[in-house]
Amino acid sequence: MPTMSGRNRWLERALLDNIPDMAWLKDRDSRYLAVSATYLNVLGVAEADVIGRLPEEVWPADIARVYLRTDHAVMRSGKRRRYEESRRGPEGSLRWYDTIKSPIRDEDNHIVGTVGISRDITKRKAAEAELIASREQLRKLSEFEQQAREQERARIARELHDELGQTLTAIKMDLAWMRDRLGEPDIVLARVERLIGIADQAVVDLRRIATELRPLILDELGLRAALEWLTQSMAERSGLPITLIFEESGAYDPDVSTAAFRIVQEALTNVLRHGAATRAGVSARHEEDALLIAVSDDGRGIDRAASGSGRLGLAGMRERARLLGGSVAIDSKAGAGTTVRVRLPLDRRPRRKTAR
Ligand SMILES: Nc1ncnc2c1ncn2[C@@H]1O[C@H](COP(=O)(O)OP(=O)(O)OP(=O)(O)O)[C@@H](O)[C@H]1O
Ligand SMILES: [Mg+2]
């Protein structure tokens, strides 16, 4: 490389003394021609220990080998390289660097050496790692809370159904017994009849509440039966026709059934609440190792502007699917309806007992 004029030397020095990164210039043999002040600080050496030397005279052998190799690669290809590298600092702690190496070309476009800049990104790396760890922790927490909620709901549903349901039935039976033995007076008979009616209604209410908490049918008869119940009861309650097509239903992992059921439940609730639809449909089928479910309506479509923060339905669907390694895709056009497509992988072995 031609030697620099005095003026260029000062300019180079001004730049190298002020760059907050490690920076260097090397000739074709990888001998250091110039380094930044930060470079010397990081290594804890004087300029005279570096200039005119080869990487193996400045760095430990293993690191020097890597640097020679990348220098050669850059000169051979004539292309700039950018990569992240880690090294132990002189005080022994691991530090990360974002490094750029480029060829230096002379006026005839011949490659005469390399230039490099290495920025310390240890703090950013640590922040990234922390973010990843805290996301993972949040994910675990949300998974745990979902499991816990399902289990709690199942327990309350069972208790309502088995305990309180039995008690109410016993009251009703005794009332019926009294009615059958009461001849006159009319006024007592009428009161007993009314109590029987109330007890009947209480049993119906209780079943509905228990089922809404968690349909026992899901645990007992499986996903298909639970979706049949769900679509029927939602159609009855709302007056909206809801069709269900379930091809090749199978026995699913309880986590998959629960997720599929809750996602369809939320999607249909959205259709009733926001859709302004005239009909809705649920279809489920298998493809390779996944359960595919689509919930569609012919309503007004999702207004992206309206779906701001604080709305948890769609986010909850995504989270449930993601926890099982699946996904949710939403297809919606203004005025042309909405389709929520869910993909849940089936190849997973049951991980743990879910709500039972
Ligand atoms: N089938 C649909 N048709 C039209 N708009 C929909 C449909 N599903 C969702 N949306 C729109 O997307 C928004 C977000 O839905 P999301 O389920 O996340 O929230 P939400 O139903 O408003 O509240 P919640 O947290 O109680 O579910 C809704 O507020 C609605 O504007
Ligand atoms: Mg919703």
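A residue is called buried if 20 or more other C-beta atoms lie within 10 Å of its own, exposed if 12 or fewer do, and partly exposed in between, with C-beta atoms placed from the backbone. With 19 C-beta neighbours inside 10 Å, Tyr97 counts as partly exposed.

The model is predicted: local features need pLDDT of at least 70 and side-chain atom pairs count only at pLDDT 80 or more, while totals for chains, interfaces and linings use all residues. Residues are numbered from 1 along each chain as its sequence is written, and chains are lettered from A and ligands numbered from 1 in the order in which they are written.

The pLDDT, the predictor's confidence in each residue from 0 to 100, averages 88 over the chain, and 94% of the residues score at least 70. Over residues 349–356 the pLDDT is below 50, although this stretch has 16 contacts in the model beyond near neighbours in sequence. Where pLDDT is low, the predicted coordinates should not be read in detail.

The bounds below come from an automatic or database domain assignment.

| Domain | Residues |
|---|---|
| Domain 1 | 6–120 |
| Domain 2 | 123–214 |
| Domain 3 | 221–356 |

The C-alpha centres of domain 1 and domain 2 lie 70 Å apart.

Tyr97 belongs to strand 4 (residues 94–105); helices (H or I, at least four residues) and strands (E, at least two) are DSSP runs, numbered from the N terminus. Contact means C-beta atoms, placed from the backbone, within 7 Å. Leaving aside neighbours within four places in sequence, Tyr97 is in contact with Glu84, Glu85, Ser118, Arg119, Asp120 and Ile121.

A nonpolar core is a set of buried Ala, Val, Leu, Ile, Met, Phe, Trp, Tyr and Cys residues joined through C-beta atoms within 7 Å. The largest has 29 residues, of which Ala260 and Val264 touch the most other members. Helix 9 gives the most to this core, with nine residues. Not counting residues up to four places away in sequence, Ala260 touches Leu223, Leu291, Ile293, Val342 and Leu344. Another core, of eight residues, lies apart from it and includes Ala23, Trp24, Val35 and Val50.

Around ligand 1 there are 18 residues, the closest being Asn270, His274, Arg311, Gly313 and Leu314; a residue is near a molecule if its C-beta atom, placed from the backbone, lies within 6 Å of it. Helix 9 (254–275) and helix 10 (313–323) each supply at least two residues of this shell, and helix 9 gives the most, with five.

Notes
Contact = placed C-beta atoms within 7 Å.
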